[in-house]
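Please keep the sequence and the structure in view while I speak.

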Amino acid sequence: MRRKDSTEVLLAKLRDDLRAARGLSTERLAAQIQEIGFQCLRCGDCCTGEDNSVVVFPFEIRRILGATAMDWSDVVEPPQEGEWDSEGIFHTLEWRLKREDGSCKFYAKCNCKIYGSRPLLCSTYPFYLDSGALRCSECRGLGRKIRPGEAWKIAALLKRRCIIEIREAIALLERYEDFERGRPGKRGLCVVHDSEGEHRVITELHS
Ligand code: SF4
């Protein structure tokens with residue numbers, strides 16, 4: 001299948017997923033969360049360690065910039081995974097929150113320094129949706145009593161996150177410019193593809 005055709009197939013699938021996500025019942029999700037139970041223990045496990053990698057979308061990055069007056073490059077970095085083009089430039093997808101000393105750089109003393117503007121991935125942790133089904137990541141707070149209003153709030157955020165993730169994937173695919181593959185280069189140049197198109201950044205990460 002040619003790349004253009006496979007992109008169209010993928011876009012059609014994503015549009016179907018988007019319709020399904022819009023039809024998710026917040027009430028049903030809330031009832032499931034209520035049954036599972038959850039209370040954040042502020043242990044910081046999800047903000048620290050090797051597994052901590054927070055995907056963040058451009059509109060979320062701008063919200064953090066507005067709340068902190070920091071620069072884009074102080075808040076996020078490109079992921080390590082990607083491909084090189086024929087000019088030795090590294091290409092990758094989406095952004096990750098920056099990390100420092102093995103933790104998210106916004107984590108300090110059991111607190112999130114950007115709590116009010118933290119990404120959707122953080123505000124819905126440890127829950128996520130997999131083809132509409134509720135799933136949980138590992139978390140010590142699971143199984144604890146949760147108030148109905150709190151369960152409903154997480155359910156509504158989960159549905160919103162699911163819709164946004166699909167919309168972002170559609171926008172990324174629609175703007176994605178393919179490139180000729182090449183060998184690893186040492187230029188320190190990186191192109192991040194996201195829902196806004198291409199961002200060119202200088203980085204030490206892949207050189
Ligand atoms: S943004 Fe806040 S909640 Fe999310 S990983 Fe960083 S410190 Fe934790």
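**A walk through the predicted model**

Let me begin with the chain as a whole. Its secondary structure consists of 6 helices and 13 strands. The radius of gyration is 19 Å, close to the 17 Å given by the globule rule for 207 residues, so the chain is as compact as a globular protein of that length. The C-alpha trace spans about 55 × 45 × 30 Å along its principal axes. Of the 207 residues, 21% count as buried.

I turn now to the interior. In soluble globular proteins, nonpolar side chains tend to be buried together. Which residues have the most contacts inside the largest nonpolar core? That core has 18 residues, and the ones with the most contacts inside it are Val56, Val76, Leu97, Cys104 and Phe106. Two elements, strand S5 (95-97) and strand S12 (189-194), are those that give two or more residues to this core. Apart from it lies another core, of 13 residues, including Leu29, Ile146, Ile154 and Cys162.

Leaving aside residues up to four places away in sequence, valine 56 touches Ile61, Val76, Trp95, Arg96, Leu97 and Pro119.

Next, the ligand. Which residues surround the ligand? They are Cys47, Val54, Leu97, Cys104, Phe106, Tyr107, Cys112, Ile114, Arg118 and Cys122. Sorted by class, this shell contains 9 nonpolar residues, no polar ones and 1 charged residue.

Lysine 105 deserves a moment of its own. This residue is found in the loop between strand S7 (103-104) and strand S8 (107-108). Beyond residues up to four places away in sequence, lysine 105 touches Leu97, Lys98, Arg99 and Glu100. Lysine 105 and valine 76 are 29 residues apart in sequence, and their C-alpha atoms are 9.6 Å apart in space.

We come to a sheet. This open sheet has 4 strands in the order S3-S4-S12-S13, with mixed pairing. Strand S3 (83-84) and strand S13 (197-202) stand at the edges; each has a single partner strand, so one side of each is left without a neighbour in the sheet. S3 and strand S4 (residues 90-93) run antiparallel and are joined by 2 bridges. Here glutamate 83 stands opposite histidine 91 in S4. The two strands S3 and S4 form a hairpin with 5 residues between them, and glycine 88 in the turn has a positive phi of about 80 degrees. On the other pairing, S4 and S12 run parallel, with 4 bridges joining them. Threonine 92, for example, has valine 192 in S12 as its bridge partner.

Two further residues have a positive phi. Glutamate 94 has a positive phi of about 60 degrees although it is not a glycine, and this residue lies in the loop between S4 and S5. With 18 other C-beta atoms within 10 Å, glutamate 94 is partly exposed. Alanine 69, likewise not a glycine, has a positive phi of about 60 degrees. Alanine 69 sits in the loop between helix H3 (58-68) and helix H4 (72-75), and counts as exposed because it has 7 C-beta neighbours inside 10 Å.

Another backbone feature concerns a peptide bond. Where is the bond from tyrosine 125 to proline 126, and is it cis or trans? The bond is cis, with omega near 10 degrees, and proline 126 lies in the loop between helix H5 (120-124) and strand S10 (127-130).

I finish with serine 25, in the loop between helix H1 (3-22) and helix H2 (26-36). Serine 25 counts as exposed, because it has 12 C-beta neighbours inside 10 Å. The C-alpha atoms of serine 25 and leucine 134 are separated by 12 Å, although these residues are 109 residues apart along the chain.

Thank you for your attention.

Technical notes
Residues are numbered from 1 along each chain as its sequence is written. This is a predicted model: local features need pLDDT of at least 70, side-chain atom pairs count only at pLDDT 80 or more; totals for chains, interfaces and linings use all residues. Two residues are in contact if their C-beta atoms, placed from the backbone, lie within 7 Å. A residue is near a molecule or strand if its C-beta atom, placed from the backbone, lies within 6 Å of it. Ala, Val, Leu, Ile, Met, Phe, Trp, Tyr, Cys and Pro count as nonpolar, Asp, Glu, Lys and Arg as charged, and the others, Gly among them, as polar. A nonpolar core is a set of buried Ala, Val, Leu, Ile, Met, Phe, Trp, Tyr and Cys residues joined through C-beta atoms within 7 Å. A residue is buried if 20 or more other C-beta atoms lie within 10 Å of its own, exposed if 12 or fewer, and partly exposed in between; C-beta atoms are placed from the backbone. Two strands pair if DSSP finds at least two bridges between them. The radius of gyration is taken over C-alpha atoms; the globule rule is 2.2 Å times the number of residues to the power 0.38.
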